[in-house]
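Good morning, and thank you for coming. I would ask you to look at the model on the screen while I take you through its strand pairing.

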Amino acid sequence: MVHREPQRSGARACHNESIMRLGRTRVLWILGLVAAIAAVVWLLRPAPTAREGIAASLAEFQRALAEGQNNDALDIVSRSFQGDGYTRGDAARGLLSLRRTWGSVRLNIANLEVYPDPGGATAVALIDFSLSGVSTAGTARSIGEREPLRVSTTWAREGSTWRCVGLSALPNPVYESFW
């Protein structure tokens, strides 16, 4: 029979605590390092291409317009917007007017053609679209369903977001009768 000295439970507890403290410190250090690497990767991610960015901005515009969120819809319009003599404020007033007369509105994009500039900071997008919805009186309305309306828009990348900086309507008899 081998005789062993009884271990003091206090010494074992102290030893286990120091191991746990070292383990916690190491885990926190590793988590902090992983978070820092993830932040750097996120900051260095490539900006979306013109086509991807403009399509994403238009999808957000469609969603906000359908939900009646005019401020969210205006997020894709740059503060420096100038379009056919209109400013960003004019675009906001136009959305409010559309909301008052139509009640609910949906923007349906039939075609999107994007032509980025060689530097990749700006792009021109041709958008064929129609509007559909219900008037405040409850009647169904639509514009451009048979022959989509077409606008030429100029976009610029602001940070990682593409925003509309200019717009001009292209000749279309239906479009002329709308305004």
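Strands here are DSSP runs of E of at least two residues, helices are runs of H or I of at least four residues, and both are numbered from the N terminus. Two strands pair if DSSP finds at least two bridges between them. The model is predicted, so local features need pLDDT of at least 70 and side-chain atom pairs count only at pLDDT 80 or more, whereas totals for chains, interfaces and linings use all residues. Residues are numbered from 1 along each chain as its sequence is written, and side-chain values use heavy atoms, leaving out hydrogens and water.

Five residues lie between the two strands, and G138 in the turn has a positive phi of about 100°.

Strand 4, residues 122–134, also pairs with strand 6, residues 149–158, in the antiparallel sense over eight bridges. There, A123 faces W155 of strand 6.

What stands opposite W155 in strand 7? That residue is C164. Strand 6 and strand 7, residues 161–169, run antiparallel and are joined by eight bridges. They too form a hairpin, with two residues between them, and G159 in the turn has a positive phi of about 70°.

Finally, I turn to a helix. G89 belongs to helix 4, residues 88–102. Its C-alpha atom is separated by 9.1 Å from that of R79, 10 residues apart along the chain.
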